[in-house]
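The exercises below concern a predicted model. Work through each task with the structure open, then compare your reasoning with the solution.

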Amino acid sequence: MGRPPRIQFAGACYLITLQGNNRQDIFMSSQDRRQFLASLRSCQSRYGLKIYAYCLLPTRAVLLLETSQPNLSAIMQWFCTAYTKHFNSAHDTAGHVFQGRYKALIVDQDSLLAEVTRYVHLEPVRAGLRESPWRYPWSSCADYVQIMRRESYADAEDVLSKFGKNRLTASVRYLKWLKERMKSGSDLVLPVTGGLVVGNAAFLDRVNSRRDTGGGAARLSSLDQARSILEEVMSKHGMDEDRLFGRIQWREVAAIRREAVYRIWKEAKLGVSEIGRMFNRTPSAISQIVKAMESGKI
């Protein structure tokens, strides 16, 4: 029996863990970590993603994300593909960087959002990498405890607003709250229920009620939008499907095909694998088209 589909719905918040393949390192350099965060920022702008917290450790990455649409699978497919291409190119390797299916727990934001950010920010302490997690350079902890940062990736305001009316007061109180957990000497254990949610049984019931409907409507909408784009492009250029989807490499046909691919990627937000199946091309070929269109080289 196959794994059940991800539960996806607009406004869902996920605690995600990406593990290195065979527990190997997923970061070999600071540039790798910067590229990982740059790809995360691209998802933030492209998909309307909220990044509440993150922590990058040598063999794994932990993310706390909220999706504006029921599309976590599409987001993670795009993200993992983008980072894997960077890693393999930078280190002259091939194959998978991440191990199997990423782990995603749905978080009860109403009562546990702040608690889960604290859990993420204490990852370097649990891993023995840093006694002061706010000084660990590859997590969002500093976004919460520092007043100003040159470059910030985390959407910290929703959590900090619960600690004070202004940023200074909220940051000081959040830092104190973080230190209190560290001084207690006990590990922070999240209330995971049913292996599916960070929350109680009542929250699990609410989430399970969305299993059958969480994402189907948006998925259909994306495919419908892709179809509309195709019809618009074909009508605009007087092109039929046989020529557009065929193997013809005439300059005029190829240009129209690139236009359709790029618009479906950008507007319908389908992944490169899905678009590749649509056009009978490899994901790599679709990715090259998107990259060339983005850079204006075509």
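**Exercise 1. Cysteines**

Cys13 is buried, with a relative accessible area of 1%. Determine how many disulfides the structure holds, and where the closest cysteine sulfur to that of Cys13 lies.

Solution. 
Step 1. The cut-off for a disulfide is a pair of cysteine sulfur atoms within 2.5 Å.
Step 2. The cysteine sulfur closest to that of Cys13 belongs to Cys43 and is 16 Å away, so the two are too far apart for a bond.
Step 3. Cys43 is in no disulfide either; its nearest cysteine sulfur, in Cys80, is 8.9 Å away. Cys43 is also buried, with a relative accessible area of 1%.
Step 4. The count for the structure is 0 disulfides.

**Exercise 2. Strand pairing**

Solution. 
Step 1. Cys13 has Glu66 of β3 as its bridge partner.
Step 2. β2 and β3 make a hairpin, with 3 residues between the two strands.

**Exercise 3. The nonpolar core**

Identify the residues with the most contacts inside the largest nonpolar core, then list what Ile16 touches beyond its neighbours within four places in sequence.

Solution. 
Step 1. The largest nonpolar core has 98 residues. Leu15, Ile16, Leu18 and Phe36 have the most contacts inside it.
Step 2. With neighbours within four places in sequence set aside, Ile16 is in contact with Ala61, Val62, Leu63, Leu65, Leu72, Met76, Tyr102, Lys103 and Ala104.
Step 3. As a general background, nonpolar side chains in soluble globular proteins tend to be buried together.

**Exercise 4. Positive phi**

Inspect the loop between β1 and α1, where Asn22 lies. State the phi of Asn22 and of Arg23, and say whether Asn22 and Arg23 are buried or exposed.

Solution. 
Step 1. Phi of Asn22 is near 55 degrees, a positive value in a residue other than glycine.
Step 2. Arg23 is found in the loop between β1 and α1 as well, and its phi is near 60 degrees, again positive in a residue other than glycine.
Step 3. The cut-off for exposed is over 50% relative accessible area. Asn22, at 59%, is exposed, and Arg23, at 58%, is exposed.

Conventions:
Residues are numbered from 1 along each chain as its sequence is written. This is a predicted model: local features need pLDDT of at least 70, side-chain atom pairs count only at pLDDT 80 or more; totals for chains, interfaces and linings use all residues. Side-chain values use heavy atoms; hydrogens and water are left out. A nonpolar core is a set of buried Ala, Val, Leu, Ile, Met, Phe, Trp, Tyr and Cys residues joined through side-chain atoms within 4.5 Å. Buried means under 20% relative accessible area, exposed over 50%, partly exposed in between (1.4 Å probe, protein chains only). Contact means heavy atoms within 4.5 Å. Two strands pair if DSSP finds at least two bridges between them. Helices (H or I, at least four residues) and strands (E, at least two) are DSSP runs, numbered from the N terminus.
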